[in-house]
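Hi,

Here is the structure I promised to pass on. Have a look at it first, and then read my notes below.

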Amino acid sequence: MRTLPYVRCLVFALLVMLIAAHPATSSAQVAVGITVGFAPPDLPVYEQPICPGDDYIWTPGFWAWDDDYGDYYWVPGTWILAPEPGYLWTPPYWAWGGSGFVFYEGYWSYQVVGFYGGIDYGYGYFGHGYEGGRWEGNRFFYNRAVNNVNVTVIHNVYEAPINHRDERRVSYNGGNGGINARPMPQEEAAARGRRLPPASPQRQHIQEARSNPQLRASENRGKPPIAATPRPATFRGGGVVPAREGGAIHGGPRNAGRGNAGPANAPSGNNPGRAVHPRDLPSLERPAPPNTGNSKQDQKYQKQQQKMYAQEEKDRQKLERQQEKEHQRLAKQNADEGRRQQVEQRHQQQTEQMQQRHSEQQQRIQQRQPPPRSAPPQPPPKEKH
């Protein structure tokens, strides 16, 4: 089965550390420079480990990409302590970007979950929002209807059954066979608001998964032996859960042996290596004004945001003009296909480097942002007798 070759791009270390400044194709999450020419495997079926303690948030498992091996690998779902009270996790996801599947980084956001491609990860993440729990003041309350919680250990619980029946386990948005979903206003607001990058235990968890050969799709055939863990980077011992059922594999140079997606899930078109130019990126969105209750701090931070926005727009326009001149020069020289591909590859690298630079700037600005105004604590829900 022929598949589109993947586009080599940023090294993995940047993937887990960046908080990109550019909205995704959906205008609600951000790409970090990983593009693959064939779809990720479907999501495996697994049981959720029991919650280890108060204020742990469930982060579902997902397929990540290892450029060194040219293969997807499974990052097990796990329970993570929230970085700060009030913060919820927006899972990462893959989406068709026109010439390949693009990876969009996950992040923490205050009191609202952003867009994650409409992917049904289960356990509260059913495509939009999070049904697994909520913050009330500085305490997190768990929905027992969708989470595995021991009530003798954790008392902040409630029960809200979810009528959800979707047998699809597709792990990507858009393209042939992907989830057809678009962000809602509150999800777009989460992407524009204050965000925090994956916490250090999450980065360690991803690195641990990447270094485990058994978690590569070519090895486990879409059925990872470590599908979920009770704590991050804890891949052995009690509580570690294997997949009960595997996900279909959709091709690739190393894991095409049992690819069963067929042509319906293969990326369309015959241009596997088209470079991404600034014009291919979605339009920049102006950041939402902060609201911390301190008007002086808010004004200062807003000026920093506006300055950063203007600089990013200027950078895009400058790089676009530069690349367009090279296209015109190639046309005048009647350059052959090999020369054109070399230039397009360089354009891809230039665009990724610009995105990386903007991501780092955005992260520095976010780290200087004053914390949001906290909502007054609410009394716990009354138990029915």
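Let me start with Arg192: at 30% relative accessibility, this residue counts as partly exposed (buried means under 20% relative accessible area, exposed over 50%, and partly exposed in between, with a 1.4 Å probe and protein chains only). Arg192 lies in helix 2, residues 185-192. Helices here are DSSP runs of H or I with at least four residues, strands are runs of E with at least two, and both are numbered from the N terminus. Arg192 and Ser109 are 83 residues apart in sequence, yet their C-alpha atoms are 9.6 Å apart in space.

A word on the source: this is a predicted model, where local features need pLDDT of at least 70, side-chain atom pairs count only at pLDDT 80 or more, and totals for chains, interfaces and linings use all residues. Residues are numbered from 1 along each chain as its sequence is written, and side-chain values use heavy atoms, with hydrogens and water left out.

Now to strand 7 (residues 93-96). Tyr93 and Ala95 point one way from this strand, Trp94 and Trp96 point the other way, and all are buried. In a regular strand the side chains alternate between the two faces of the sheet. Strand 7 pairs with strand 8 (residues 101-104) in the antiparallel sense over four bridges; two strands pair if DSSP finds at least two bridges between them. One of the contacts is Trp96, whose bridge partner in strand 8 is Phe101. The two strands make a hairpin with four residues between them, and Gly98 in the turn has a positive phi of about 105°. Strand 7 also runs parallel to strand 15 (residues 172-173), joined by two bridges, and there Trp94 has Tyr172 as its bridge partner.

There is also an open sheet of three strands in the order 12-13-14, with mixed pairing. Strand 12 (133-136) and strand 14 (157-158) stand at the edges with a single partner strand each, so one side of each has no neighbour in the sheet. Strand 12 and strand 13 (residues 139-143) run antiparallel and are joined by four bridges; Trp135 has Phe140 in strand 13 as its bridge partner.

Last, which helix gives the most to the positive patch? That is helix 5, with five residues. Among its residues is Lys318, which is exposed, with a relative accessible area of 55%.

Cheers
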